[in-house]
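My entries follow in the order I made them.

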Amino acid sequence: MAAPGENLKINGDRLWDSLMEMAKIGPGVAGGNNRQTVTDEDGEGRALFQSWCEAVGCTMGLDTMGNMFAEYPGTDPDALPVYIGSHLDTQPTGGKYDGVLGVLGGLEVLRTIKDLGIKTKHPIVVTNWTNEEGTRYAPAMLSSGVFAGIHTQDWAYDREDAEGLKFGDELKRIGWCGDEEVGARKMHAMFELHIEQGPILEAEGKDIGVVTHGQGLSWTQVTIEGKDSHTGSTPMPMRKNAGLGMARVLEKVDEIAWSHAPHAVGAAGHIDVYPNSRNVIPGKVVFTVDFRSPDLSVIEDMEARLRVEGQKIADDMGLTIAFEKVGGFDPVAFDETCVSAVRNAAERLGYSHRDLISGAGHDACWINQVAPTAMIMCPCVDGLSHNEAEEISKEWAAAGTDVLMHAVLETAEIVE
């Protein structure tokens, strides 16, 4: 099997121009994007992507979850395709690169191999997975989850947004509900290019992150109840302060995560305080603890310690506490052969690289359950994402896409 030559690189200017052109659709208020899933803007972005793919000579498949599959032919009609996948939807205040780089980087791979007349045994398919972000319709990675058999399509169709609009209805309304059965496609392998969404690569001056694992995630909703009373006239010994109980539990959450350094993390992002009045001691708090680790036994330990330590804090303070696991998924170990293809590509091209564990969920995490999968990451400025100020350089984007192309071509088998 021939390896791509070390001088083989994509057209970085063309990739960048495509990123900027897509960013014009669903512009944000502060330089980023608001192109949420199954909105009119999502439909417009899809149409632009399809037009670009057809110009390369791809045929477009569309399944009943709206997943788009742009197929570039191989020389062997019986060979399973190599997939390149990510997403075009964004957060409400999202950046121009999260997800989009992985889709348009895949398009640039196809443009480059067409320009150079490169043939591969396996077809290559660039995929836009619907609703990766999960911000309008929870959970995240919804359609890749249906593809991998994690969720049923009926359940996905019934997800509702804040206005009570159902996912399935909105997908049909924007005209991007296909007739292909979800999950019917078989894959030889899949690669996903993504911005790091963390600070490690930039801080260490590395060009490429070779993603070996994806962190597992555990969400536990904690409800603490005490007694709401006047902040001024209630003596300190007579208070049942649910807010103080939460503060002590969150300090314990931080301590638990630190005890599993360096790869475990923990915090509460969603917090509701009742009655949330300036002069009322909180009588009830509801918050969600987010624990993550690439080791399932560590996640289980953190969950158990949260319950034991949280119960003790509540008992000592005369409060009641309840725990409910409301979400999560197990850690992911990406395919060793695919990971090696990424590492080999970075080395062949002379790009500095390091192994990484992804701290965020990605479509590749679900697809890894049904096909050999790996991820490539490029740096992003200050590790900032899910923010309109998200930024990468043209050089970072090109390097990541170069590695993507080499890994894909090695896996799809160049025909001499």
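Which residue of β11 stands opposite I271? I found F287 there.

Before going on, I noted that this is a predicted model, in which local features need pLDDT of at least 70, side-chain atom pairs count only at pLDDT 80 or more, and totals for chains, interfaces and linings use all residues. Residues are numbered from 1 along each chain as its sequence is written, and side-chain values use heavy atoms, with hydrogens and water left out.

Entry 1: I followed β9 to its partner and counted nine bridges to strand β11 (residues 284-293), with the two running antiparallel. Strands here are DSSP runs of E of at least two residues, and helices are runs of H or I of at least four, numbered from the N terminus. Two strands pair if DSSP finds at least two bridges between them. β9 and β11 belong to an open sheet of four strands, in the order β9-β11-β7-β12, with antiparallel pairing. β9 (265-274) and β12 (320-329) each have a single partner strand and stand at the edges, so one side of each has no neighbour in the sheet. On average, neighbouring strands of this sheet are turned by 20° against each other, direction ignored.

**Entry 2: the helices.** I then looked up what lies across these strands. Helix α8 (residues 242-258) lies across β7 (216-225), β9, β11 and β12, and runs at about 5° to β11. Helix α9 (residues 296-317) lies across β7, β9, β11 and β12 too, running at about 165° to β12. The angles run from 0 to 180 degrees between N-to-C directions, with axes fitted to C-alpha atoms, for helices over the stretch in contact; contact means heavy atoms within 4.5 Å.

**Entry 3: the annotated span.** I checked the UniProt record, where an unreviewed entry gives "domain: Peptidase M20 dimerisation" for residues 215-306. Such annotations may be inferred rather than shown by experiment. In the model, the span 215-306 is 30% helix and 37% strand, and its end C-alpha atoms lie 19 Å apart.

**Entry 4: strand β6.** Is β6 (residues 208-214) mostly covered or mostly open? I found six of its seven residues buried, so it is mostly covered; buried means under 20% relative accessible area with a 1.4 Å probe, protein chains only. Six bridges join β6 to β14 (residues 353-358), running parallel, and V211 stands opposite L356. Three bridges join β6 to β15 (residues 373-378), running antiparallel, where M375 is the bridge partner of V211.

Note on methods. Buried < 20%, exposed > 50% of the residue type's maximum accessible area, 1.4 Å probe, protein only.
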